[in-house]
Amino acid sequence: RSLPLLKSLHSKEIRSRHWIQVMSVANCTFQLEGTIFRMCHLLDGNLLQHDAAIEQIVKNAKCELELEMQFYAIEEEWSEQVLQFESYKTYGPILLAGGYTHSLLEELDHAQAQLAVMLMSPHIQPLRDDTAQWAAKLSNIGEVLLQWLGVQELWCNLEAVFDSRGHGHEFGEEAVRFAAADKVWKNLMKASVETKNVVQCCLGDDIPKVTVFAQVAHELEECKKSLSTYLLSKRKMFP
C-alpha cells in the first residue's frame with residue numbers, strides 16, 4: 001500500500017504547501033530541503049494511516065496544477081499581445097486596425113470567461129489574487145479598446161470636415177477646438193504605435209486611457225454639435 005502513496009507524493013503537482021498539509025494530516029514533521037528529505041522520513045511518518053486524506057491532497061494538487069497552467073497560459077498570451085494599426089491618408093499608421101481589434105476583443109471575452117470559471121473553482125485559492133488581478137486587467141483593457149474604437153470613429157468623421165487642407169478654416173472656433181483634440185489624438189496614436197503592447201497601451205500610462213479618451217470624446221462631441229449648429233444656420237441662410 002505504501003508504494004502507490006509514495007509515488008503519488010512524488011508527482012510534480014506536489015508543492016511545499018501540500019507537504020505542509022500532509023504533515024498536518026499525519027501529525028508529523030519532516031524537513032523539506034532536498035539535501036535532507038529522504039523516503040525513510042515518509043515511512044516513519046505513518047502516512048498509511050491517513051492514506052485517504054493524503055490521496056485527497058494529491059487530487060487537489062493536480063486540480064490546482066491544471067488551473068495554474070491555464071492561468072499562466074492566459075497571462076503569457078496577454079502579456080505579449082500587441083495592437084495592429086492602419087494608415088490614414090498621409091498621416092501614416094494612425095488608426096487601430098478595425099478587423100484585428102474586433103478579433104482581439106473576441107479573444108479577450110474568451111479569456112475573461114476562462115478566468116471567471118477559474119475563479120469559481122475551489123482549487124484556485126493559491127492563485128486567486130493573481131487570477132482576480134488579471135480578470136480586472138482584461139476587463140479594463142476591453143473597456144479601453146471599445147472606447148478607443150468609438151473615439152476613432154468620431155475622429156475620422158470630423159477629420160474629413162476639419163481637415164486643414166480642406167475647408168476647416170471656415171468653421172472658426174469649432175476648427176480650433178477640433179485642432180486641440182486632433183493633436184491629442186495624433187500624439188496618443190504615435191505613442192501607441194511605438195509601444196504596440198496591448199497591456200502597456202491600454203493600462204500603462206500615468207493618466208488612465210479611459211480618462212484621456214473621455215476628454216477627447218467630449219471635445220469631439222462638442223465639435224460635432226457645433227458643426228451641426230453651424231451647418232443648420234447655413235441651410236437657413238441659403239434654403
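**Close-up 1. K12 in the loop between helix 1 and helix 2.** K12 is found in the loop that joins helix 1 to helix 2; helices (H or I, at least four residues) and strands (E, at least two) are DSSP runs, numbered from the N terminus. The model shown is predicted, with local features needing pLDDT of at least 70 and side-chain atom pairs counted only at pLDDT 80 or more, while totals for chains, interfaces and linings use all residues. Residues are numbered from 1 along each chain as its sequence is written, and side-chain values use heavy atoms, with hydrogens and water left out. K12 is exposed, at a relative accessible area of 66%; buried means under 20% relative accessible area, exposed over 50%, and partly exposed in between (1.4 Å probe, protein chains only). The C-alpha atoms of K12 and L65 are 8.9 Å apart in space, although 53 residues separate the two in sequence.

Close-up 2. Side chains of opposite charge can pair when their charged atoms come close. A salt bridge is a side-chain nitrogen of Lys or Arg within 4 Å of a carboxyl oxygen of Asp or Glu, and a search of the whole structure finds seven of them. In one of these, the side chains of R15 and E68 meet at 3.0 Å, N to O. R15 lies in the loop between helix 1 (2-9) and helix 2 (16-26) and E68 in helix 4, so the pair ties together parts 53 residues apart in sequence. R15 is partly exposed, with a relative accessible area of 28%, whereas E68 is buried, at 15%.

**Close-up 3. The salt bridge of E159 and K89.** The side chains of E159 and K89 meet at 2.8 Å, N to O. This pair links distant parts of the chain, 70 residues apart: E159 is in helix 6, and K89 is in the loop between strand 1 (85-87) and strand 2 (93-96). E159 counts as buried at 1% relative accessibility, and K89 as partly exposed at 45%.

**Close-up 4. The salt bridge of E222 and K225.** The closest N and O atoms of E222 and K225 are 3.8 Å apart. Both residues belong to helix 9 (residues 209-237), and because they are three residues apart, about one helical turn separates them. E222 is partly exposed, with a relative accessible area of 23%; K225 is exposed, at 51%.

**Close-up 5. Helix 4 against helix 5.** Helix 4 and helix 5 (residues 98-119) pack at an angle of about 155°, their axes 11 Å apart. Helix 4 is therefore roughly antiparallel to helix 5 (angles under 35 degrees count as roughly parallel, over 145 as roughly antiparallel, 65 to 115 as roughly perpendicular and the rest as oblique). Axes are lines fitted to C-alpha atoms, for helices over the stretch in contact, and angles run from 0 to 180 degrees between N-to-C directions. Contact means heavy atoms within 4.5 Å. Helix 4 contributes L67, Q70, F71, I74, E77 and W78, and helix 5 contributes L104, E107, L108, A111, Q114, L115 and M118.

**Close-up 6. Helix 4 against helix 6.** Helix 4 (residues 51-80) packs on helix 6 (residues 128-162) at an angle of about 35°, with the axes 11 Å apart. On the helix 4 side, F71, I74, E75, W78 and S79 meet D130, T131, W134 and L138 of helix 6.
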